[in-house]
Amino acid sequence: MSHTTDAENVSAKRYQEDTPYLLDVHTHSLASGHAYGTIREMAQAAAEKGLSLLGIADHAPGTPGTCDPAYFLNLHAVPETLSGVRVIHGSEINVLNDGTLSLGQRYIDRLDYAIAGIHGDCYEDAGREQNTRNLIACMKNEKVRFVSHPDDDHTPLDYELLVRAAKEYQVALEVNNSSFYKQDKRLNCVQNYKTMLALCGKLRVPVIVSSDAHDPSAVGNFEEARKLLAEIDFDETLILNTGVERLLSHIGLA
């Protein structure tokens, strides 16, 4: 099954700083082991921020302290709506050095969506080209709808290859708000985003803006990411946060 998106054949629209973002799909609950809110607390925070949809994407194995994979088999037990916010379930799954994901397919199949990301806890820099090949290999999994924080030159990426692969596999690339607060740890992240976003605009590849919240107080915080998008006048029609149905279509739930 191919991923779907309506980013193609849409006329360009200038970036509007006041356009509401309706959803945040990269957040973490207590189950991730280094996050500090329950799912209900995260949903309440989303409601207070005026969001319509919240995605909980707890970390997969490989990240120290995270949950047992069995956690992902019982997500249907969580009510679909909490505090008036629709809740969907994913996982931020680690890209491994052999180009595979750190969560087994039987667990991935139970998710609404998956986010693939490189994390230093379970990945060793293999150089720009191999890092990119490993990430692209994981993007081929049909549940992988997003790539998290592709912005850190400690594990550099070839953005031309990455964006072209995102277009081919219909995967949205993330602009991660938390990265802007960690520029001492995420090497060259601002310039890398500018490079990536220029290519996304040129090739008509959608992006997702995420808080990467590890506490309820950070849910729906897109401030720094939005400043960058405004600075470069990014094409608003390529941002998935502005429409719930569009996001659900992108992950195959519409």
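Biologist: Where is Thr-63 found?
Modeller: Thr-63 sits in the loop between strand E2 (53–59) and strand E3 (81–82); strands are DSSP runs of at least two residues (E), helices of at least four (H or I), numbered from the N terminus. This is a predicted model, where local features need pLDDT of at least 70, side-chain atom pairs count only at pLDDT 80 or more, and totals for chains, interfaces and linings use all residues. Residues are numbered from 1 along each chain as its sequence is written, and side-chain values use heavy atoms, with hydrogens and water left out.

Biologist: Is Thr-63 buried or exposed?
Modeller: Thr-63 is buried, at a relative accessible area of 8% (buried is under 20%, exposed over 50%, partly exposed in between, with a 1.4 Å probe and protein chains only).

Biologist: And what is Thr-63 in contact with, leaving aside neighbours within four places in sequence?
Modeller: His-34 and Asn-94, contact being heavy atoms within 4.5 Å.

Biologist: What joins the side chains of Thr-63 and Asn-94?
Modeller: A polar contact of 3.4 Å.
That term covers N or O pairs within 3.5 Å; within protein, one atom must be able to donate a hydrogen and the other to accept it, and residues adjacent in sequence count only if both atoms are side-chain atoms.

Biologist: Switching to helices. At what angle do H5 and H6 pack?
Modeller: H5 (residues 189–203) and H6 (residues 223–231) pack at about 50 degrees, and their axes are 11 Å apart. Axes are lines fitted to C-alpha atoms, for helices over the stretch in contact, and angles run from 0 to 180 degrees between N-to-C directions.

Biologist: Which residues make the contact?
Modeller: Val-190, Tyr-193, Lys-194 and Leu-197 from H5, with Leu-228, Leu-229 and Glu-231 from H6.
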